[in-house]
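This report concerns one protein structure. Please look over the sequence and the coordinates before reading on.

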Amino acid sequence: MSKLLEVENLKKYFKTPGGPLKAVDDVSFSIDKGKTLGVVGESGCGKSTLGRAILGLHEATEGQVLFEGRDITHIKKKDRRKLTCDMQIIFQDPFSSLDPRKTVWAQIAEPLRVSGEHMSRDALNYRIEELMDTVGLAKRFTYSYPHELDGGRRQRIGVARALALNPKFIVCDEPVSALDVSIQAQILNLLQDLQEEKELTYMFITHDMSVVRHISDEIMVMYVGTVVEKSPAKELFRQPQHPYTKGLLSAIPVPDIRRNKKRVLMQGEITSPIDPPPGCRFARRCPYAKDICRKQTPPYEETLPDHFTACHFIREINSL
């Protein structure tokens, strides 16, 4: 399986009066062509910043982003514009990501026009109609405005815009979190059908563990800008290694009052991402933390086959 995207030691820091805010700090991973990497973690852990840094919407502070083996971290503006044909994003809020003054037709036509593709009016109409049909938008909505549509249809416009230039890689930034549960299922199924049909590669960002389990081939868990665990999706749910991952999984609601599910409660204060102290950033909330955890950053290493974890005492914890 060929790697479409490789991220190596990527960092994205923001300047603040209190010091550098380390939104993404030394993150490395890869995604195979046609696969989905789910990225999960609490709000503010750096998931969305990571996706935007990969696409160049935020300029990386350090590290490398390789797309099909090519370093795209600091490419020129004109080359970045060409690259947008291959790399796209679906935003979280389908209403705020659309222009309220433009019709559905104009929203979908915009990326086709900005890309520099010279299409006749008839060809443009045909392409827009084709995209609307692909994402399940009825033709009667062609000249509707965003405020006239529900959340599901708005998000379908976002998906159509992302597909307009036939990309190979799409960052899905919590694309269903603002939708009703029934609409969530429709959009997730649509994304999976499109992936199978067009061999798309996804980076699916979410804080919903049930959603990420449904759509991902691999899952990467982030905590305060760092990666604490990464493994195949089924393996992560079957045998989580890191204490933080176990806490996330234990918080998933179980629709069975007869099942006595043990909760892993995470207590303590979240480490600030602004100039954080050395050591493990989960140490303040970890029941297994020792002195070394507060002084030395844990190694990110393979603890099981194709299962990577960052913890000083991971083997001791999982042998208990």
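## Basis

The structure is a predicted model.

## The largest pocket

The largest pocket holds about 740 Å³ of space. Its lining comprises 26 residues, and those nearest the centre are Leu57, Thr84, Met87, Gln88 and Ile89.

Four elements each supply at least two residues of this lining: helix H2 (77–83), strand E6 (87–90), helix H3 (104–114) and helix H5 (151–163). The largest contribution is that of H2, which gives five residues. By class, the lining of the largest pocket has 13 nonpolar, seven polar and six charged residues.

Leu55 belongs to helix H1, which covers residues 47–55. Its relative accessibility is 11%, so Leu55 counts as buried.

Beyond its neighbours within four places in sequence, Leu55 is in contact with Arg80, Met87, Gln88, Ile89, Phe169 and Val171. Met87, Gln88 and Ile89 are also among the residues nearest the centre of the largest pocket. Leu83 lies 28 residues from Leu55 in sequence, and the two C-alpha atoms are 9.0 Å apart.

## The cavity

A search of the whole structure for cavities of 30 Å³ or more returns one. The space in this largest cavity is about 90 Å³. It is lined by 15 residues, with Cys280, Cys286, Cys293, Cys311 and His312 closest to its centre.

The lining of the largest cavity is made up of 13 nonpolar and two polar residues, with no charged residues. The lining of the largest pocket, by comparison, includes six charged residues.

## Helix H4

Helix H4 runs over residues 121–135, 15 residues in total. From first C-alpha to last it reaches 21 Å, close to the 21 Å expected at 1.5 Å a residue.

The buried residues of H4 are Leu124, Arg127, Ile128, Leu131, Met132 and Val135. They lie on the same side of H4 because they cover an arc of only 135° around the axis. Cover for these buried residues comes from elements including H3, H5 and helix H6 (181–198). The face of H4 turned away from the buried side carries Asp122, Tyr126 and Asp133, which are exposed.

## Positive phi angles

Gly136 follows H4 and has a positive phi, near 80°.

Asp26 is found in strand E2, residues 19–32. With a relative accessibility of 43%, Asp26 is partly exposed. Glu174 is placed in the loop between strand E7 (169–173) and H6. The relative accessible area of Glu174 is 7%, so Glu174 is buried. H6, at one end of that loop, is also among the elements that cover the buried residues of H4.

Note on methods:
Residues are numbered from 1 along each chain as its sequence is written. This is a predicted model: local features need pLDDT of at least 70, side-chain atom pairs count only at pLDDT 80 or more; totals for chains, interfaces and linings use all residues. Side-chain values use heavy atoms; hydrogens and water are left out. On a 1 Å grid over the protein atoms alone, a cavity is a set of points where a 1.4 Å probe fits but cannot get out, and a pocket is an open set with protein on both sides within 12 Å along at least five of seven lines; lining residues have an atom within 4 Å of a point. Grid points are joined across faces, edges and corners, and a volume is the space filled by probe spheres set on the points. Ala, Val, Leu, Ile, Met, Phe, Trp, Tyr, Cys and Pro count as nonpolar, Asp, Glu, Lys and Arg as charged, and the others, Gly among them, as polar. The expected span of a helix is 1.5 Å times one less than its number of residues. Buried means under 20% relative accessible area, exposed over 50%, partly exposed in between (1.4 Å probe, protein chains only). The arc is that of the directions from the helix axis to the C-beta atoms. Contact means heavy atoms within 4.5 Å.
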